[in-house]
Amino acid sequence: MFGDLFEEDFSFISNNHCGKGKKSKPRESEPPAPRDFTNLSGIKNQGGTCYLNSLLQTLLFTPEFREALFSLGPEELGTLDDSRKPDAKVRIIPLQLQRLFAQLLLLDQQAASTTDLTESFGWSSHEEMRQHDVQELNRILFSALETSLVGTSGHDLINRLYHGIVVNQIVCKECKNVSERQEDFLDLTVAVKGVAGLEEALWNMYVEEEYFENDNLYRCGACDKLVEASKSAKLRKLPPFLTISLLRFNFDFEKCERYKETSCYTFPIQINLRPFCEQTEMDDSEYMYELFSVIIHKGGCYGGHYHVYIRDVDELGNWQLQEEEDGLIEERALGDTENAKETENPLAVLKRILSEEEVKQIPVDQLGQKLLEKKGVSWNKKYRKQYGALRKYLQNHPQIFQLTPDGSKVGLKEAHKFRLDSHGQNLQSPSQKNDVQWNCEKNPPRPRAASAGCHWFDLNDSKVQPIKEKDIEKQFQGKESAYMLFYRKAQLKRPPEARGNPRYQIPEHLLNEMNAANTELQKKRAECDSANNGIDLHLHLSSCYRFHNGALHPSLSWKESVVDLTIDRRKTLGELRQAVFQMLESWEGDMVLSMAKPLPAGLHLYQVLDGDELTLDGTGLADGADIFVWNGKEVGGTKVLAGPEHEPVVLNVLRLAEHNEGGKGQHFSETQLVVSCSTSLGQLHSALAPAGGIILKNGSGADREAKNWEVFHEEDMKETVQSVGLRDGCSVLILDSHDQSFVNVASGNLTAFTYDISWLQVKNFCGEEEEEKHVKITATIDTMMSDIKMKAIRELQLEEELATESCLRPVSGNGKLLSPVPEDYTVKEAELKMGSLLGLCRGKAPTSTQLFLYFMVGSDQSCSPEMEIVVEETASVRECLNLMLEKSGLSGDNWHLRRLDWCYEAGEALSQENATLKELNVCRGDTLVITEGKLPGKGFLKIPIWWLKPSSCKKHGEKAEDQVNGITWKMEALQVSAAAAPPEPAHPGLDLCYAGRIEVAGEASLEDLKMQSVVPWHLCHGHW
Ligand SMILES: [Zn+2]
């Protein structure tokens, strides 16, 4: 009939009732949570077993039941240890129930498990457990227990405590014959529909008579005919414990569906059953019963949840309720119900904790401690990642929290001091109802002193909370309402030694088992606790450190300089200091503990750990923190500045490389520099850059593109390394004064890519000193030569006037000053290689229309020094000769100019005296030779004559002519080599012999030339 009454609505449960404990899911290795302040154990919900839990708690809090169960020893039940032995007689159900009860009474855990017990019932699957209703279960459980106790002294345990008899009687109106039928019961089922309460229902059942009359007559056995008769029922035997099941679930035959009766149904705390009994002559006390358990069903008829209100007859639990505390308890009850949801919201949690404080403000550190104690959550573990540091969080909610000016204490703002009553409406006690028999005159208030108090608890799976007796009224009606009632005979008195004594009557072996289990639990909790709260600290000892290059560095290896210390985070700073003292045995003088942090530059110190009464957690020490142990002043004689304002920063300093530094293409040298972040740029500048030099920063580190460089200007010099954003790994570029042409002053950017920037060397050839100065001038291939000259003059600290009187000349590998470079040329146009040497020489550089020429008198270099001259390229040969003669101090007109040939001999004559140098392809850097003698007259040529040796003539006929043509062509190429001594044949394949020169008129015919040529050949031939 109630097939799926116990189907639980799980979404409902998980939100409100069968929720997990206070702590968010304990890890598997973690021991179960201890009991909370009620000191009563709940029972875990194994998935739809809340009805079982409610019933088991009711049985547990029936002291006479549990004591009867405990009285059955191993000699009767066997032991669970033997349960695997094939021939051992082990009564598993009562044994498991005993053990569960012992755990519920003594084991320090928030909730016990019923797995072993349900397995003893043979319920191993979820489905099997869900197949029962609580009323049904009550019978099943009793029946199972009864069966398993057959043959023991406990065989009548259930009967003794729960068995009652109802007698149904029919009285014949005629012969007065009474026919009766007895009914045994373990619980009474009473109607709810159309009935105001329990007493009315009992009245209907056991006082009202039913009559057989008119059409509905009774057949009397004695009269043997249909007669009028009356039918009644009475309670013949009352059990010590009366269990009443309310028929809350009915079937609506019109709608053809089940429904839950939610109308008001009252039941008294005390009830006098005399009116319902067959025998009524005994003392009143024989009929008085007291309510001690109410199983409540919450939900509809197709699902829901069970929990139970139980009176703690023996005062085993810690029932701290007092009427005055109502508000607080209600709030706490709410808090627990809503706990899971609430802990997700740190604002609500912190508000609640502060609202429960008696003092106006508490230290912020203490708030963190209380959070851990009361809610089982650590700020750092649960909220910090999302909400930041606790203090910061409090500061960020000034509308709720009030911090003292120094930020050390916190309280709630006035408006938030009072109860959080967003749900208060639900918690209002229901208004007194007049129709309730609660305070009925025939049930005067029970004298409290007589009974063992009225400590009621709401046992809701793993949660146990104290409630007021009055709260039971809430379960008279509605979706959440009483479903089963348990009364105990008021006469049943508890022995004084049982009061507050959970060990009372528990057999020795179970006491021992529970003691051992508690010891084990304690051990596990301690282990878990220290595992959860232990933090590793790295202690850096000042004696193993020295301060250099802006930070602390271990003088030995890192490993030898650090001592690891594991300590409970809840210990105080004073205890930490003590532990460090003990570790370091021989420490002398002050001991200062400073927070430290390894930075790229080395170890840096921060705040001093102060306030020995603070917990480590409160000071913000986290697992893995570094602590420097020192005297607070100096390390190895060097004063150490601590704090974020003195953090050392590692900068990469780039400079243009010296010519012998770095590999190919490495124009820059890079060094690392450690500076304090509070160093001003001015200080940095004077340390790094020479006078007039500049600093550029590149925030992007490795990326050295021109656009990312930024010049620090004069007005930046008061800024600090930190304020201008120089961090570890940032690069700065140092440029000397003369390098600054790459900087666009307006934009502050480099104008060239740094990898294009290179340098040329300039040596001073203007001075008289032997040791000429050498400077390096940065340049790109697009730098103008005039700029390089000006930079060089400045770098060489020469007079500016020299600029107009000097020029730059490349210096060849063997030290020769080559032709000056025109000043309007770029490095690229001048075909200069980066890194090459230039000489700064006196004399004007040629313009691009001028030629720089070397000249000498006669081709013998040993007697004539090489001289230099600059002439316009449009000058004629004559003008050029005259200038050269003037410069060499010669006079007369018996001179002409020749080119220097490839053998450094005077070669081809510049015979066209009126032609310009440009027309004759005289180039910059050419050497001309002033040669004595007049040029041949106009119209005459001097022609070198070569003979092809007859002996070498291996070819004949038309081929010989080809060869001659070839030679002629060659001779044109060899023309320049007119020399006094005939050169060696240039072409091994051709045997040529030099015949000398002949002078011949330009108009002469080839025949004339041939004729003239023969004569010298004969002359010459003889020499060979
Ligand atoms: Zn009769």
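## A hairpin and its neighbour

Strand β14 (residues 288-298) and strand β15 pair in the antiparallel sense over six bridges, where two strands are said to pair if DSSP finds at least two bridges between them. The structure is a predicted model, in which local features need pLDDT of at least 70 and side-chain atom pairs count only at pLDDT 80 or more, while totals for chains, interfaces and linings use all residues. Residues are numbered from 1 along each chain as its sequence is written, and side-chain values use heavy atoms, with hydrogens and water left out. Helices (H or I, at least four residues) and strands (E, at least two) are DSSP runs, numbered from the N terminus.

The two strands β14 and β15 form a hairpin with six residues between them, and Gly 299 in the turn has a positive phi of about 125 degrees. Within this pairing, Ser 293 has Ile 310 of β15 as its bridge partner. Ile 310 also has a bridge partner in β19, namely Phe 457, and four bridges join β15 to strand β19 (residues 456-460), the two running antiparallel.

Strand β15 (residues 305-311) is mostly covered, seven of its seven residues being buried, a word that stands for under 20% relative accessible area, with exposed meaning over 50% and partly exposed lying in between (1.4 Å probe, protein chains only). In a regular strand the side chains alternate between the two faces of the sheet. In β15 both faces are covered, with His 305, His 307, Tyr 309 and Arg 311 buried on one side and Tyr 306, Val 308 and Ile 310 buried on the other.

## The zinc site

The zinc ion is coordinated by the SG atoms of Cys 172, Cys 175, Cys 220 and Cys 223, at 2.0 to 2.3 Å. Donors here are N, O and S atoms within 2.8 Å of the metal (3.2 Å for Na, K and Ca), and since water is not among the atoms, sites may look incomplete. Along the chain, the donors of the zinc ion follow the spacing C-x2-C-x44-C-x2-C.

The arrangement is tetrahedral because the four donor atoms subtend angles of 99 to 116 degrees around the zinc ion, and four donors count as tetrahedral if all angles lie between 85 and 135 degrees. Cys 220 is buried, with a relative accessible area of 0%, whereas Cys 223, at 24% relative accessibility, counts as partly exposed.

## Nonpolar cores

A nonpolar core is a set of buried Ala, Val, Leu, Ile, Met, Phe, Trp, Tyr and Cys residues joined through side-chain atoms within 4.5 Å. The largest one has 63 residues, and those with the most contacts inside it are Leu 56, Phe 65, Leu 97, Phe 101, Val 134, Tyr 162 and Ile 295. Helix α5 (residues 92-106) gives the largest share of this core, nine residues. Apart from it lies another core, of 37 residues, among them Ile 244, Ile 269, Tyr 287 and Leu 485.

Leaving aside residues up to four places away in sequence, Tyr 162 touches Leu 59, Thr 62, Phe 65, Phe 142, Phe 185, Leu 186, Pro 239, Phe 241 and Thr 243, a contact being heavy atoms within 4.5 Å.

## Helix α19

Arg 525, found in helix α19, is buried with a relative accessible area of 17%. Not counting residues up to four places away in sequence, Arg 525 touches Pro 31, Pro 32, Ala 33, Pro 34, Asp 108 and Gln 109.

Ile 567 is found in strand β25 and, at 7% relative accessibility, counts as buried. Although Ile 567 and Ile 535 are 32 residues apart along the chain, their C-alpha atoms are separated by 5.5 Å.

Strand β23 (residues 545-548) is joined by four bridges to strand β24 (residues 551-554), and the two run antiparallel. Arg 546 stands opposite His 553 in β24, and in the hairpin of β23 and β24, which has two residues between the strands, Asn 549 takes a positive phi near 50 degrees.

## The chain as a whole

The chain has 26 helices and 48 strands, and buried residues make up 47% of its 1024 residues. Among contacts in the chain with a separation of 6 or more, 70% are accounted for by residues 24 or more positions apart.

Definitions and conventions
Four donors count as tetrahedral if all angles lie between 85 and 135 degrees; four count as square planar and six as octahedral if opposite donors are over 155 degrees apart and all others between 65 and 115; anything else is irregular.
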